[in-house]
Structures are given as structure tokens and as C-alpha cells.
Amino acid sequence: MVAVAPRPTAANAWWSAVRPATLAASVAPVLAGTAIAVHEGGARFGAGLLALLVGVAMQLGVNFANDYSDFVRGADNARRIGPLRAASSGAVKPEHVRYAAIAAFGLAALAGLVLSLITDPRLIAVGVASLLAGWLYTGGPRPYGYLGLGEVSVFLFFGLVATVGTVYVEALRVTPLAVLMGCAMGCIATAILVLNNLRDIDTDLEAGKRTLATRIGRSRTRWLLLALVVAAFAIALVTVSAGLAGVTVMLVLFAVPIAAAPVQIAFTTRSGPPLVRALRRMAMAELAYSLLFALGLLL
């Protein structure tokens with residue numbers, strides 16, 4: 001007899017669609033940005049909480065939208081290796097996943113609007129750009145995530161915009177340290193996406209999803225992953241060398257083993273399950289990096 005896997009429950013499908021590990025990519029830059037704002041002597045924690053709400057809601061919106069759009073476009077098929085997808089699970093109606101994406105983006109838009117009005121109305125333009133980037137990643141007539149541009153978007157919006165934006169709404173200014181740490185956060189957030197696309201490279205090719213990994217191949221994708229991680233830790237050294245932060249920010253080096261493990265996995269395996277674990281480990285590395293940076297900066 002052949003064992004049949006039990007049908008997933010709706011609760012399991014929704015929880016998997018949230019992709020809890022990836023939420024670190026929305027929390028980490030806000031944490032780093034808040035630490036910079038405190039260091040600069042101008043933190044407004046109410047604005048920081050709103051920035052965190054925007055970041056988490058945006059990440060949820062992207063996750064749900066990607067879940068729905070990949071199902072509709074055929075990128076999620078029986079051969080896909082990775083966490084359960086809600087729209088393709090059979091336990092949740094695909095249109096409900098789409099509604100969840102719209103609701104999450106709506107919450108991000110509302111919180112972002114309030115944040116802009118109490119800080120600087122010009123930020124509304126940044127919010128609109130962020131929402132468009134989130135929806136058009138896998139949605140719309142020509143999703144840029146299918147054109148190999150997802151990494152650029154993640155670096156910009158989950159790195160630079162999230163970190164520098166947090167500093168700006170809390171301290172009302174942009175500093176060189178904010179820009180540098182925005183780049184560091186962007187590098188690790190992009191590394192999470194690179195691992196995701198490395199895991200899915202075969203099924204994405206079959207579905208015609210032309211991610212950067214499918215365009216440059218498995219070997220170059222691995223080297224890109226390594227370069228991103230090395231760059232993130234090198235930026236911390238640059239901040240100290242430039243006199244923008246004290247030597248205590250080198251506490252981030254304690255996160256090196258956490259970030260090195262998923263890179264090693266990427267270089268030594270082609271199978272899906274280890275790469276799923278590697279992605280989660282990289283998300284934890286970003287959170288650890290931001291926590292250690294915040295601690296080092298504020299010591």
C-alpha cells in the first residue's frame with residue numbers, strides 16, 4: 001500500500017503562507033534604524049512602531065501576493081520543493097489568498113499614510129513606490145520577479161528604504177551610518193531571496209519564471225550569495241573605519257557563524273529540504289546581525 005500524505009488544514013496553509021522566518025527581513029531594518037536614531041539622539045518610538053507595522057504588513061502582503069501569483073502562473077507545481085503554499089494546497093481558496101494580500105497591503109498603506117502625515121508628507125511617494133514594488137513583484141502583466149529583478153527590489157525596499165526610512169521618521173534626518181546599514185540590511189535580505197531562488201531554480205525554469213538564479217545559473221548564484229553575506233559584515237567594518245560608529249558594533253561578527261552555515265549548505269547541496277533550512281537560518285542571521293549592531297551601537 002502507498003501512504004497518502006494527509007491533506008493540510010486551512011490553519012496550516014495560512015501559517016505557511018505567512019512564512020514566519022521571512023518576517024525577520026521586515027523587523028531587522030527597523031531595529032537597526034531605531035538604534036541609529038537613538039545614537040543620533042532623536043528617536044521617536046511611536047514613529048518607530050508605525051514603521052515596524054508598515055514593514056511587517058508589507059512583508060505579509062508580498063508573501064501572500066507571491067503565493068497567489070505563483071499558483072496562478074503555474075510556478076507552484078507538484079515538483080516544487082519548499083514550504084506549503086496556501087493557494088496550491090487545496091485547503092484555502094486562491095482568491096482568499098489574494099484578498100489577504102490586498103488586506104495586508106491596505107494595512108501597510110494606512111499605517112504608512114499616518115506615518116507620513118505626522119512626519120513628512122513627501123514620504124507618501126515613497127510609500128506608493130513600495131506598494132507598487134510589493135504588488136508587481138509577482139503580480140501585474142509583467143511581474144519583475146519573473147524578469148530577474150527581485151534581488152534589486154529587495155535590496156532597495158527591505159534594505160535601504162526600510163532602514164533609512166526608519167531613521168528618518170524617528171530622527172528626522174538621513175545620516176551616512178543609516179545609508180551604510182541600509183546597504184548591510186539589504187545585502188542579507190537579498191541573500192534570503194537568493195537562497196529561495198536557488199532552491200526553486202529547477203521548477204522556476206520549468207514554469208518560465210526567469211529569476212536571477214535561473215539566468216546566471218546555480219554556480220554563480222552561490223557566489224552571489226557569498227558576496228552578499230561578506231559585504232554585509234564588511235560594511236560594519238567600514239562604519240568603524242570611517243568613525244561613524246564605535247568599535248563595539250563589531251559585535252555583529254558573532255553573527256558570522258549563523259550566516260556562514262546557510263552559505264555552506266548552498267555550496268554543498270542541490271536538494272531542497274536543506275536549502276529550506278538554510279533560508280530560515282539566513283533570516284535568523286539578519287535578525288541577529290541587527291540585534292548585535294543595535295547593542296554594539298548603544299553600548
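## A tour of helix pairs and buried side chains

Start by selecting H2 and H3: H2 passes H3 in a right-handed crossing. A crossing is right-handed if the near helix is turned clockwise from the far one by less than a right angle, and left-handed if anticlockwise. Before going on, note that this is a predicted model, in which local features need pLDDT of at least 70 and side-chain atom pairs count only at pLDDT 80 or more, while totals for chains, interfaces and linings use all residues. Residues are numbered from 1 along each chain as its sequence is written, and side-chain values use heavy atoms, leaving out hydrogens and water.

**Stop 1: H2 and H3.** Select residues 24-39 for helix H2 and 45-72 for helix H3; they pack at an angle of about 160°, with axes 8 Å apart. Helices here are DSSP runs (H or I, at least four residues), numbered from the N terminus. Axes are lines fitted to C-alpha atoms over the stretch in contact, and angles run from 0 to 180 degrees between N-to-C directions. H2 and H3 are therefore roughly antiparallel (an angle over 145 degrees). Now show side chains: in H2, Ala25, Ser26, Val27, Val30, Thr34 and Val38 meet a set in H3 that includes Phe45, Leu52 and Gln59. Contact means heavy atoms within 4.5 Å. The residues of this contact divide into eight nonpolar, five polar and no charged, with Gly counted as polar.

**Stop 2: Val54.** Stay in helix H3 and pick Val54. Leaving aside residues up to four places away in sequence, Val54 touches Ala108, Ala111 and Gly112.

**Stop 3: H7 and H8.** Next select helix H7 (residues 150-171) and helix H8 (residues 176-199), which pack at about 145° with axes 7 Å apart. H7 passes H8 in a right-handed crossing. The residues of their contact divide into 15 nonpolar, seven polar and one charged.

**Stop 4: Ser153.** Within helix H7, zoom in on Ser153. Is Ser153 buried or exposed? At 11% relative accessibility, Ser153 is buried (under 20% relative accessible area, with a 1.4 Å probe and protein chains only). Its side chain makes a polar contact with the side chain of Tyr144, at 2.8 Å. A polar contact is a pair of N or O atoms within 3.5 Å, one able to donate a hydrogen and the other to accept it.

**Stop 5: Lys209.** Finish in the loop between helix H9 (201-207) and helix H10 (212-241), where Lys209 lies. Lys209 is buried, with a relative accessible area of 4%. Show Asp70 as well: the side chains of Lys209 and Asp70 make a polar contact at 3.1 Å.

Technical notes
Helices (H or I, at least four residues) and strands (E, at least two) are DSSP runs, numbered from the N terminus. Angles under 35 degrees count as roughly parallel, over 145 as roughly antiparallel, 65 to 115 as roughly perpendicular and the rest as oblique. Buried means under 20% relative accessible area, exposed over 50%, partly exposed in between (1.4 Å probe, protein chains only).
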